[in-house]
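Hi there,

Here is the structure I promised to pass along. Have a look at it first, and then read on for what I found in it.

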Amino acid sequence: MSGGHPEAAERFLRDEARAAWHDETLWHVRVRRDAAAAAVPEWEILREQAAAIRRHTLAHLGDYLEEFERNALRLGARVHWARDAAEHNAIVERILRERGVRRVVKSKSMLTEECGLNAHLEARGVEVIDTDLGERIVQLRRESPSHIVLPAVHLRREEIGALFHERLGSEPGLEDPAQLAEVARRSLRAAFLNAQAGITGANFALAESGGLVVCTNEGNADLGMALPPLHVACLGIEKLLPRDADLAVFLRLLARSATGQAITAYTSHVHGPRPGGELHVVLVDNGRSALLADPELRGALACIRCGACLNTCPVYRRSGGHSYGTSVAGPIGSVLGAAREPSRHASLPFACSLCGSCREVCPVRIDLPLQLVTLRGRLRGAERTPRRLALRLAAALLARPVLYETAASWGRRALARLPETWWRRTAWGRGRARPLLPRRSFREAWRSRGR
Ligand code: SF4
């Protein structure tokens, strides 16, 4: 079993101030989400409708994908199918190469993060500029996003000011968010005007009309779609909605769940290429069909990437997105990562307190705790670790009351005598005070009272 998350989380927690501030910032987003949800009396009905639409869509995904393709082609788009990340990257590269494209602007797309598109294109001489402010910040730092909605939430303003000073030549010491945004805007303006192609993701693809819907707060996707003559939209096959009218449910849930806004500042509808331009839609599987075939985990494909489960998760808030080692972090990232590559992400299903908060906030009602427990069971079934052996020993003791009582009595005495340095060296004891054990067990106390 890889020990990825605990070690990475420990590194994050060494910077206590950052960990505390990260925790507070995301909790604040969660509180805003709660207020936005409470202001909609039919919120729970919307969640139920959204869950039902996603269940129905996933049950008929093949049909809806074909319907989408037919309608997108009718609108003048070209549709490509990618089995995996390598095929996706090769398709995008070919589209760009055939048109002599060397400069690309790209808006937020977790799918392209998942596929490693930037590195693939840059290695082939294509300059890719991320245009979402948070994504641009992490790109300049050569990092991956730490959050699916707030990619640079792990960074302080002064760190961003120093980064812009070093990489974009802004004046030193900038910390004001408006000034920092202005610096980024000025540098991105040139990138937009020089770009030969725009790459975007899509929040939703509409089977009924063949349209795409892209939600942003910065309008950067709109510029990337409207200015260059070539638009390449990359999306996972699960992004389908059957009818255009279904958007009425999802657009009300998405921004409220994500940031507490009623709606994103821009909700852009793309129906075919812009006049004189080209639109290519790349539909990517990359493990989604396998997840769809898994009855216990397929519900994870209903995710609309709002980030609410990250913001509410006490483990995510206290360990940071990079500790997950996946393109999508937090509870949903733990499910997706461990379902796709169990040996690589075996620690992720255990990065969870099972508090259930993610299930409570998820706008499409994914039962993430149940999925994480399912994955734990699968991983545990195959492993031979000290923890597994300890659980076997505990099961044997608990099944034999006399043996249990004797072992507990000895264990209590031994624990009290072991030096503090030993306790501090154990994984459990590193961040916790040693429990003060009572002199007598509950059973002994009970018996001494003659009961
Ligand atoms: S699992 Fe639910 S709460 Fe988490 S990002 Fe997806 S839709 Fe949002």
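Contact here means heavy atoms within 4.5 Å. With that cut-off, residues 24 or more positions apart account for 73% of the contacts in the protein chain with a separation of 6 or more. Please keep in mind that this is a predicted model.

**The chain as a whole**

The protein chain has 22 helices and 10 strands. Its radius of gyration is 25 Å, close to the 22 Å that the globule rule gives for 451 residues, so the chain is as compact as a globular protein of that length. Along the principal axes, the C-alpha atoms fill a box of roughly 90 × 55 × 45 Å. Of the 451 residues, 50% are buried. The accessible surface of the chain is about 21600 Å², and carbon and sulfur atoms contribute 56% of that. As for charge, there are 66 positive and 50 negative side chains, with the centres of the two sets 9 Å apart.

Cys 115 is in no disulfide, and the nearest cysteine sulfur, that of Cys 234, is 7.8 Å away. Cys 115 counts as buried because its relative accessibility is 7%, under the 20% limit. Cys 313 is in no disulfide either: the nearest cysteine sulfur belongs to Cys 355 and is 6.5 Å away. Cys 313 also counts as buried, at 9% relative accessibility.

**A covered helix**

Helix α8, residues 133–140, is mostly covered, with 7 of its 8 residues buried. The buried ones are Gly 134, Glu 135, Arg 136, Ile 137, Val 138, Gln 139 and Leu 140. What covers them includes the strands β2 (103–106) and β3 (127–130). The cover also includes the helices α6 (110–115), α7 (117–122), α9 (157–168) and α10 (177–194).

Arg 317 belongs to helix α15, which spans residues 314–319. Is Arg 317 buried or exposed? It counts as buried, because its relative accessibility is 10%. Setting aside residues up to four places away in sequence, Arg 317 touches Phe 12, Ala 19, His 22, Asp 23, Leu 26 and Trp 27, as well as Leu 310, Asn 311 and Thr 312.

Arg 102 sits in the loop between α5 (85–98) and β2. At 43% relative accessibility, Arg 102 counts as partly exposed. Beyond its neighbours within four places in sequence, Arg 102 is in contact with Arg 124, Gly 125, Val 126, Glu 127 and Gln 196. The C-alpha atoms of Arg 102 and Ile 366 are separated by 41 Å, and the two residues are 264 apart along the chain.

**The loop between α16 and α17**

Leu 348 lies in the loop between α16 (330–340) and α17 (357–361). With a relative accessibility of 2%, Leu 348 counts as buried. Which residues does Leu 348 contact, leaving aside its neighbours within four places in sequence? They are His 5, Tyr 324, Thr 326, Gly 333 and Ser 334. One of these, Thr 326, is 22 residues from Leu 348 along the chain, and their C-alpha atoms are separated by 9.8 Å.

Leu 354 is also in the loop between α16 and α17. Phi of Leu 354 is near 55°, a positive value in a residue other than glycine. Leu 354 is partly exposed, with a relative accessible area of 37%.

Asn 286 is placed in the loop between β10 (278–284) and α13 (288–292), and is buried at a relative accessible area of 13%.

Lastly, Val 373 lies in helix α18, residues 368–382. Val 373 counts as partly exposed at 38% relative accessibility. Its C-alpha atom and that of Cys 352, 21 residues apart along the chain, are separated by 9.4 Å.

Happy to talk any of this through.

Best wishes

Methods
Residues are numbered from 1 along each chain as its sequence is written. This is a predicted model: local features need pLDDT of at least 70, side-chain atom pairs count only at pLDDT 80 or more; totals for chains, interfaces and linings use all residues. Side-chain values use heavy atoms; hydrogens and water are left out. A disulfide is a pair of cysteine sulfur atoms within 2.5 Å. Buried means under 20% relative accessible area, exposed over 50%, partly exposed in between (1.4 Å probe, protein chains only). Helices (H or I, at least four residues) and strands (E, at least two) are DSSP runs, numbered from the N terminus. The radius of gyration is taken over C-alpha atoms; the globule rule is 2.2 Å times the number of residues to the power 0.38. Accessible areas come from the Shrake-Rupley method with a 1.4 Å probe; for residues, only the protein chains shown count as cover. Lys and Arg count as positive and Asp and Glu as negative; His and the chain ends are not counted. The place of a charge is taken as NZ of Lys, CZ of Arg, CG of Asp or CD of Glu.
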